[in-house]
Amino acid sequence: MVDFKQNVVAMVYDFDGTLSPEAMQHYGVLPSLGVSPTDFWGGVKAKRKEKSAEELLVYMREMLRLADAKEVQLNRSKFQEHGRGIEFFEGVRDWFDRIGQYVSSISQGSDIVLEHYIVSSGLKEMIEGCELAAYFKEIYACEFLYDPYGHPDWPGRVVSDTSKTQYLFRINKGVLDVNEFINSHMPMEERRVPWDNMIYFGDGDTDVPSMTVVMANGGHAIAVHKPDSEKGEIERCEKLLKARRVDYFCAADYRDGSDLDRLVKGTLSVIVPRILLRKAIYELKPLGPL
Ligand SMILES: [Mg+2]
């Protein structure tokens with residue numbers, strides 16, 4: 001008999017505003033360019049509007065233009081170095097170990113695999129440099145191409161709000177290598193991470209397509225907001241909940257015993273026994289899954 005393979009739980013995170021309080025460019029890159037976040041993003045938004053351009057492409061170009069104008073060196077290792085300065089919401093640093101222990105504790109000795117993924121419109125190079133990078137099985141985010149001297153000269157990958165969903169399908173189908181074609185048909189029973197084994201974490205409107213895809217397919221989505229949020233942010237989360245784009249929302253407080261910790265563990269205590277039940281049923285059927 002072929003072993004039951006759909007034993008993987010995937011927790012998929014947006015990055016900025018979800019794991020980290022600020023946009024990652026605020027930690028290091030923008031200060032090194034001598035520009036305040038307000039001025040930088042104000043300029044990006046104005047240019048985006050004036051040219052009817054994609055905001056992500058505009059921000060990537062503006063960063064390079066500013067660096068050239070100010071003769072500040074940016075290369076892959078500089079971005080990674082800036083990534084080391086990224087700060088996280090409370091409890092994030094030990095979240096991955098704690099949640100891993102929790103999943104083991106409810107797995108009844110079965111082999112349940114817990115994986116964490118990042119799908120972000122931030123910069124992959126910076127996330128690779130952050131102190132938690134080793135916890136992520138894959139990091140899908142915007143990337144630069146570099147010239148022979150190591151200078152970034154063109155966007156190599158742009159992960160927008162809608163293109164984020166491509167990476168959810170990659171996780172779902174287990175086709176993680178971006179060089180592999182993703183759109184071939186794959187029956188649900190062959191997919192590595194069934195949708196209802198997936199939990200998506202996001203903080204804002206740019207996560208709506210991802211939340212919608214995960215929820216529409218029977219998976220789980222959670223919205224988080226800053227613990228010291230203003231009314232507007234809470235209202236945005238309430239709208240997501242009312243539209244059933246998320247299962248629930250709460251403050252981005254990842255500490256043991258917080259609302260988020262409690263609710264995520266509650267969600268896992270639905271997902272893990274469901275996997276164990278499916279495994280037991282699968283093992284009773286000599287022909288494999290239905
Ligand atoms: Mg975000």
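**Entry 1. Helices α2 and α3**

At what angle do helix α2 and helix α3 pack, and how far apart are their axes? I looked this up in the model, which is a predicted one. Helix α2 covers residues 37-51 and helix α3 residues 55-70; they pack at an angle of about 125°, and their axes lie 9 Å apart. I therefore record α2 and α3 as oblique to each other. The crossing in which α2 passes α3 is right-handed. On the α2 side, I listed Phe40, Trp41, Val44, Lys45, Lys47 and Arg48 as making the contact. On the α3 side, the contact is made by Glu55, Val58, Tyr59, Arg61, Glu62, Met63 and Leu66. Sorted by class, the contact of α2 with α3 has seven nonpolar and six charged residues, and no polar ones.

**Entry 2. Helices α5 and α10**

I then turned to α5 (92-105) and helix α10, residues 259-284. Their axes come within 10 Å and cross at roughly 35°. Here, α5 passes α10 in a right-handed crossing. From α5, I noted Trp95, Arg98, Ile99, Tyr102 and Val103, which meet Asp261, Val264, Lys265, Leu268, Ser269 and Val272 of α10. By class, this contact of α5 with α10 has seven nonpolar residues, one polar residue and three charged residues.

**Entry 3. The magnesium ion**

Which residues coordinate the magnesium ion? I found Asp14 (OD), Asp16 (O) and Asp203 (OD), at 2.1 to 2.2 Å. Along the chain, these donors follow the spacing D-x1-D-x186-D. Asp16 and Asp203 link distant parts of the chain, being 187 residues apart. I placed Asp16 in the loop between β1 (8-13) and α1 (29-32), and Asp203 in the loop between β5 (198-202) and α8 (208-216). Asp203 has 17% relative accessibility and therefore counts as buried, the cut-off being under 20%.

How many of the 10 residues of helix α7 are buried? I read eight, so this helix, residues 164-173, is largely enclosed by the rest of the structure. The buried residues of α7 are Lys164, Thr165, Tyr167, Leu168, Arg170, Ile171, Asn172 and Lys173. They pack against β1, β2 (113-123), β3 (136-146), β4 (152-157), β5 and α8. After α7 comes Gly174, and I noted its positive phi, near 75°.

From α8, I examined Ser210, which has its place in that helix. Is Ser210 buried or exposed? It is buried, as its relative accessible area is 0%. Leaving aside residues up to four places away in sequence, Ser210 touches Asp161, Lys164, Thr165, Leu168 and Tyr200. Among these, Lys164, Thr165 and Leu168 are buried residues of α7.

Most residues other than glycine have a negative phi. Against that background, I looked up two residues. Gln108 has a positive phi, near 50°, and is not a glycine. I located Gln108 in the loop between α5 and β2. With a relative accessible area of 69%, Gln108 is exposed.

Where is Arg244 found? I placed Arg244 in the loop between α9 (231-242) and β7 (248-251). Its phi is near 60°, again a positive value in a residue other than glycine. Arg244 is exposed, its relative accessible area being 58%.

Definitions and conventions. Residues are numbered from 1 along each chain as its sequence is written. This is a predicted model: local features need pLDDT of at least 70, side-chain atom pairs count only at pLDDT 80 or more; totals for chains, interfaces and linings use all residues. Side-chain values use heavy atoms; hydrogens and water are left out. Donors are N, O and S atoms within 2.8 Å of the metal (3.2 Å for Na, K and Ca); water is not among the atoms, so sites may look incomplete. Helices (H or I, at least four residues) and strands (E, at least two) are DSSP runs, numbered from the N terminus. Buried means under 20% relative accessible area, exposed over 50%, partly exposed in between (1.4 Å probe, protein chains only). Axes are lines fitted to C-alpha atoms, for helices over the stretch in contact, and angles run from 0 to 180 degrees between N-to-C directions. Angles under 35 degrees count as roughly parallel, over 145 as roughly antiparallel, 65 to 115 as roughly perpendicular and the rest as oblique. A crossing is left-handed if the near helix is turned anticlockwise from the far one by less than a right angle, and right-handed if clockwise. Contact means heavy atoms within 4.5 Å. Ala, Val, Leu, Ile, Met, Phe, Trp, Tyr, Cys and Pro count as nonpolar, Asp, Glu, Lys and Arg as charged, and the others, Gly among them, as polar.
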